[in-house]
Amino acid sequence: MCTGVAFADTEAIRGRVLDDATGQPLPGVTVYGESDEAAVTDESGEFVLPGTPLAVTVIEGSYEPVVVPVTGRLEIRLVARPEGAEVIEIVGESRAATPGAVTIDRQQLTTIPGARGDVLSGIKNLPGIANNGSLTPLSSGLIIRGASPESSRILVDGFEIPILYHFLGVQSVLPTEMLGNVEYLPGTFGTSYGRASAGIVAATSRETPTETSAFAELSFINVAGLVQGPIGKRAGYAVAARRSVIDAILPAVIPSDSGLNFTAYPRYYDYQGKATYQPTDRWSLQAFVFGSDDGVELVTDRDNAADPVATGSFVNTASFTRGIASARYRRPGLDMKHAISAYTDTNHFTVGRERYLLLDRLGIATRSETIWDPTGWLRLTVGAESDLTRTDFDIKFTRPPREGDPRGPNFTNDALIVATGAATSRDLAGWASATAYPIPSLEITAGARVDAYLRNDVVEVQPRGQAAFTVTDGSTIRAAAGTYTRPAQNLDQGLQADLRPETAHQFSVGVEQRLLSSVTFRGTAFYNRLSDLIVLPADRRDPTSLGGYENLGSGSVRGVEMLLQARTEKVFGWLAYTGAIATRRDADGMPERRFDYDQTHNLIAVASVQIDPRWRVGGRFQLTTGRPYTPVMGAVYQSDIDSYLPMYGAPNSQRVDVQHQLDLRVDRTWTFDRWKLAAYLDISNVYVNAAAIDYQYNFDYSQRTALTSLPILPSFGVRGEL
Amino acid sequence: MKRIVLVFGLVGCADVPQPFELEHARVMAVRTEPPALAPDAVGRIDVLVTDAERGPRLAEPSAIVVTAPAGIEVTQTAAGWEVQSPSADELAGVRASLGFPADADVIVPLAITVESSEGALAAQKTIAFGTAAANPSAPTLLVDGAPMGDRVEARADSSVAVAAPVAELSYRWFSSVGDLIGYTTSAVRFDDPSAGEGLLGVVVRDQAGGVAWMITPAEVAP
């Protein structure tokens, strides 16, 4: 973890380098600028770097490398690299970091118990992200500050990916080894990101290394491999692939009397390839192609009296491929990035013989951003992006569940969407912001983003601003506010062009305080006021409800987030707490209710200890409020259709069980002359607390059974690394 | 573009009452005779219920409420519950008030309450007024392809089917002699080697509210 706030004069950057654990200055450390500039720290850890680079890089043998943006008085704290850790790790602070933003290094995230070595699973342990095990147990997205997964965006090198996790959510679609930084912005983010009314997770692909390396891994989850290395002095490559092994394990664990017969067991694979080339010291080019493919096909011979059409087979195939070509130009005071991306996205779902949802997307997108630092006390950012997507659809399917819906879809009795055709969405955006440092300890950013959702014929101007004030060394206060919108593109809302985007006015304040040399605290309070929420006023059984979405809803999310982090040479850990209330009204005059994703309390404790160069052990405990649900008060038999119509109580007025679980992880490393062998055992839910996460009712709603979280999930893996 | 995510719980309901169990208190069918009434006609309403204490039987509702429109009356007589179809003129007035075409049937929902040994059961049934219609015929059954006698005598792996099934009709089977497979189709198989003696029933529905049923003693040999 590094902290850095800038001080710059017109010709040089001045700063100091410290050991993060001890607070002692580090002499003899080389600090690099953006071209040929470099400086070495003196006995006091001080350095003077010629020029006015946007960022400086510090690579020191036994410490984690860091890249620090130059945004004021510069103090760089280096974290000792744990023995046996991967060599190439870059951790940077986000530009104009907003309250609640967190950047935690990859080595920590991948060794969190329960994350199974997956950095994008590890981020679920940060404040503001809900424990979605209870909210959407099989979800492919993240729930940030009480908002649905569709309200946040997951970006890779600036472009969105349609899903973050493979089937069952046990693994993300991008392996840790292909990622550089992961920037988590739970709200009040800057103008560079848009089309999201909640939060942003922005991952960057990893720079190709200067030395050839490779690994192969086999675990309960998947088999994976990677090869990467340089090509000459100015180019590099990385190639990786993974394939699940869960389809080999499931037959052994599914009960024979389950009534389920898999024609094709759940399986996934993903793949990545990256090439970089640096024609000059100032230009760098890169091409990155990645994608994933998930599939499952099962047959059930059980009758489904409540939904006869759903009897038989379920088939789901989903895949995407994205290619990104980008160019970056950097010289002192100027940083320009231009990228173009093409992608395909396929999602086919069939239920029984008569219900199908076939979506095939093809798109092209561009993104450019320029950061100009003309004076050292003022930095200007301008950017633009475009997205053109064509969706071919062939649909005979019921409407998907709505926010607040007490029940899932009924493929027999619900009104059907029957449509074939193609739709094109065209989104354009531009943004500009200025960051000023009127005094060395104060950073103020103000700007605006304009999003044009041309399919909906809507243009939205969204002002945003952030401020950070360094009170004392190690003590910073932050505040931010802004307007955020997301277009009506989720689920079948995308078929309706007359909807306005959902809007959030977000406000947050936060404090960062170093308590001890190795202990820091972050606290954030936030308030999001929501309007134009898209609702479906009519009942899904009513065929006249088709095309009936309206911007009638409003609501708010307010809460606090706290993160207490500790890190020494051999130990890291944190205590993260989120307390939030997310409520809404589906229309003026309607009663206020909880959002589906409301989670009042979420407490996470993580600790990991490097016992010696060979052994690392860690634990993780999570305690969260159960998800809201709508109780069933009774049911009326519908004689004409031989079905029961449930009578519901107040929407989301009750909650399922409190969720709690303990995860443990043990890592063992063997180091040989030319290679390294590592093994890990990662056990989720050690004390087998199979808490209820939802309820399933019998045919007449007279009794219910609990759908429970996975009682225990052990994962063992071995990995050989050159 | 966001991806549609559909989630299905892959769990069974091992310890809860199944839809085919005759031991579970429930309304099996509501029948009006006839299911659609011409003007001035009178229809009779009865309910097939079952529970663990008394098994399947015809029961007289304790209450029937016409929820809409006004002018339709249901009365309890010595012979049971009856519904009186309005006259042609009155039906024309109802159609006009609802904005229906002149030749459209008027569909009226009835809210029905019937008592069982486990308490009151609630059901809803619609009746069409305008054009008369008839209930379907009670089905006859085949056991392993042969006509049944005065009772179903079957083995644990036998199939029981409706003779001459009709595609436009829906079927719902009930049993007190073990689990059934295919209980929403025109033929079922037993799925319980320990089954003994009990009852087997099937309710037949058409798409216009017509209903009929057949309930017979059954013996299933292991």
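What is the mean pLDDT of chain B, and what share of its residues reach 70 or more? The mean is 86, and 90% of the residues of chain B reach that level. I begin there, colleagues, because what I shall describe is a predicted model, and where pLDDT is low, the predicted coordinates should not be read in detail. One stretch of chain B calls for that caution: over residues 1-14 the pLDDT is below 50.

Strand S17 of chain B, residues 197-205, has pairing partners in S14(B) and S18(B). With S14(B), residues 170-175, the pairing is antiparallel and runs over six bridges; within it, B:Arg172 has B:Val203 as its bridge partner in S17(B). With S18(B), residues 211-221, the pairing is again antiparallel, over nine bridges, and here B:Gly201 is bridged to B:Ile215 of S18(B). S17(B) and S18(B) form a hairpin with five residues between them. In the turn of that hairpin, B:Gly209 has a positive phi of about 95 degrees.

S9(A), residues 153-156, pairs with S10(A) in the antiparallel sense over two bridges, and A:Leu155 finds its bridge partner in A:Glu160 of S10(A).

I move now to charged pairs. Side chains of opposite charge can pair when their charged atoms come close. How many salt bridges does a search of the whole structure find over all chains? The search finds 41. One of them joins the side chains of A:Asp387 and A:Arg195, at 3.5 Å from N to O. This pair links distant parts of the chain, 192 residues apart: A:Asp387 sits in strand S21 of chain A, residues 378-398, and A:Arg195 in the loop between S11 and S12 of chain A. Both A:Asp387 and A:Arg195 are buried.

A second example is the salt bridge between A:Arg620 and A:Asp663, whose closest N and O atoms are 2.6 Å apart. Here too distant parts of the chain are linked, with A:Arg620 in strand S32 of chain A, residues 615-624, and A:Asp663 in strand S37 of chain A, residues 659-671, 43 residues apart. Why do both partners count as buried? The cut-off is under 20% relative accessible area; A:Arg620 is buried because its value is 8%, and A:Asp663 because its value is 1%. Salt bridges that share partners also build a network, which joins A:Glu177, A:Glu217, A:Arg719 and A:Glu721.

One further pair deserves mention. A:Arg593 forms a salt bridge with A:Asp586, with 3.1 Å between the closest N and O atoms. A:Arg593 counts as buried because its relative accessibility is 7%.

Next, some points of backbone geometry. Most residues other than glycine have a negative phi, and most peptide bonds are trans. Against that background, A:Asp532 has a positive phi of about 60 degrees, although it is not a glycine; this residue lies in strand S27 of chain A, residues 519-535. A:Asp642 likewise has a positive phi, near 50 degrees. The place of A:Asp642 is the loop between strands S34 and S35 of chain A, and it counts as buried because its relative accessibility is 12%. In chain B, a cis peptide bond joins B:Glu33 and B:Pro34, with omega about 0 degrees. B:Pro34 belongs to the loop between strands S1 and S2 of chain B.

Finally, the nonpolar interior. In soluble globular proteins, nonpolar side chains tend to be buried together. Which residues have the most contacts inside the largest nonpolar core? They are A:Ile123, A:Leu142 and A:Trp574, in a core of 43 residues. Leaving aside neighbours within four places in sequence, A:Ile123 is in contact with A:Leu109, A:Ile129, A:Leu142, A:Val182 and A:Val201. Another core lies apart from this one and has 27 residues, among them A:Tyr644, B:Ile45, B:Ala59 and B:Phe129.

Technical notes
Residues are numbered from 1 along each chain as its sequence is written. Chains are lettered from A and ligands numbered from 1 in the order in which they are written. This is a predicted model: local features need pLDDT of at least 70, side-chain atom pairs count only at pLDDT 80 or more; totals for chains, interfaces and linings use all residues. Side-chain values use heavy atoms; hydrogens and water are left out. Two strands pair if DSSP finds at least two bridges between them. Helices (H or I, at least four residues) and strands (E, at least two) are DSSP runs, numbered from the N terminus. A salt bridge is a side-chain nitrogen of Lys or Arg within 4 Å of a carboxyl oxygen of Asp or Glu. Buried means under 20% relative accessible area, exposed over 50%, partly exposed in between (1.4 Å probe, protein chains only). A nonpolar core is a set of buried Ala, Val, Leu, Ile, Met, Phe, Trp, Tyr and Cys residues joined through side-chain atoms within 4.5 Å. Contact means heavy atoms within 4.5 Å. pLDDT is the predictor's confidence in each residue, from 0 to 100.
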